[in-house]
Amino acid sequence: MTSDPSICKRCALQGPTCCRLEPGQEEFCFPLSQTEKERIQEFQPDEGGFALQENTEGFVHNILRLFPGEKERVLALFPRQKFHFRLAVDASGACRFLGSKGCRIPQDLRPYYCRLFPFWVVHNEVSVFDSPSCLARREAVHLLRMFETFDTNAGTVRDLMGRLRLAWGLPPTAGSKPVKRSF
Ligand code: SF4
Ligand code: SF4
């Protein structure tokens with residue numbers, strides 16, 4: 001099998017893609033670390049691309065699911081009554097950095113979560129979000145095929161996850177407990 005660099009373009013022709021969310025779901029948008037925010041701002045002056053978001057119960061619950069076994073660290077990073085930054089969206093739920101030809105931020109400067117999606121890593125094990133709106137996820141039958149689709153591999157995904165964790169001041173890996181793949 002060969003990689004499919006057009007997958008995200010094909011996805012955009014069919015549905016909302018991962019650069020849009022359902023209006024009203026903004027609180028669940030992945031948080032943006034200060035490092036990532038500043039890196040984007042160096043490239044592009046703030047044009048309303050960032051939003052302050054309260055650490056709601058739903059948001060914290062979602063982050064705890066993404067970082068299992070790290071409750072203490074997550075609660076210290078996102079205490080209730082406080083706020084974090086996230087990408088801003090317009091009234092239709094589209095990320096404000098989304099242009100007519102896709103993301104306006106160069107690949108290397110995009111938030112780590114955007115660069116990782118649809119992959120995720122828990123306790124060093126790579127998995128894929130079971131997102132019904134992700135065309136790549138719908139078309140792929142196993143993890144290896146997903147790597148081929150995005151021309152990536154487990155090492156690159158783990159490296160990106162390590163950078164994301166570092167940006168949040170988290171240790172490079174969470175621990176040793178394996179989690180179930182979503183395939
Ligand atoms: S920053 Fe770019 S890749 Fe990330 S959600 Fe916005 S448009 Fe999509
Ligand atoms: S990563 Fe998945 S959801 Fe995002 S644009 Fe590509 S195919 Fe669509």
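I started with Pro118, which sits in the loop between helix 5 (112-116) and strand 6 (119-122); helices (H or I, at least four residues) and strands (E, at least two) are DSSP runs, numbered from the N terminus. A cis peptide bond joins Phe117 to Pro118, with omega at about 10°.

A note on what I am reading: this is a predicted model, where local features need pLDDT of at least 70, side-chain atom pairs count only at pLDDT 80 or more, and totals for chains, interfaces and linings use all residues. Residues are numbered from 1 along each chain as its sequence is written, chains are lettered from A and ligands numbered from 1 in the order in which they are written, and side-chain values use heavy atoms, with hydrogens and water left out.

Next I looked up backbone angles. Most residues other than glycine have a negative phi, and most peptide bonds are trans. Thr17, not a glycine, has a positive phi near 65°, and I found Thr17 in the loop between helix 1 (7-14) and strand 1 (31-32). Thr17 is buried at 14% relative accessible area (buried means under 20%, exposed over 50%, partly exposed in between, with a 1.4 Å probe and protein chains only).

Then I turned to His123, in the loop between strand 6 and strand 7 (125-128). His123 also carries a positive phi, about 50°, without being a glycine. Is His123 buried or exposed? His123 counts as buried, at 14% relative accessibility.
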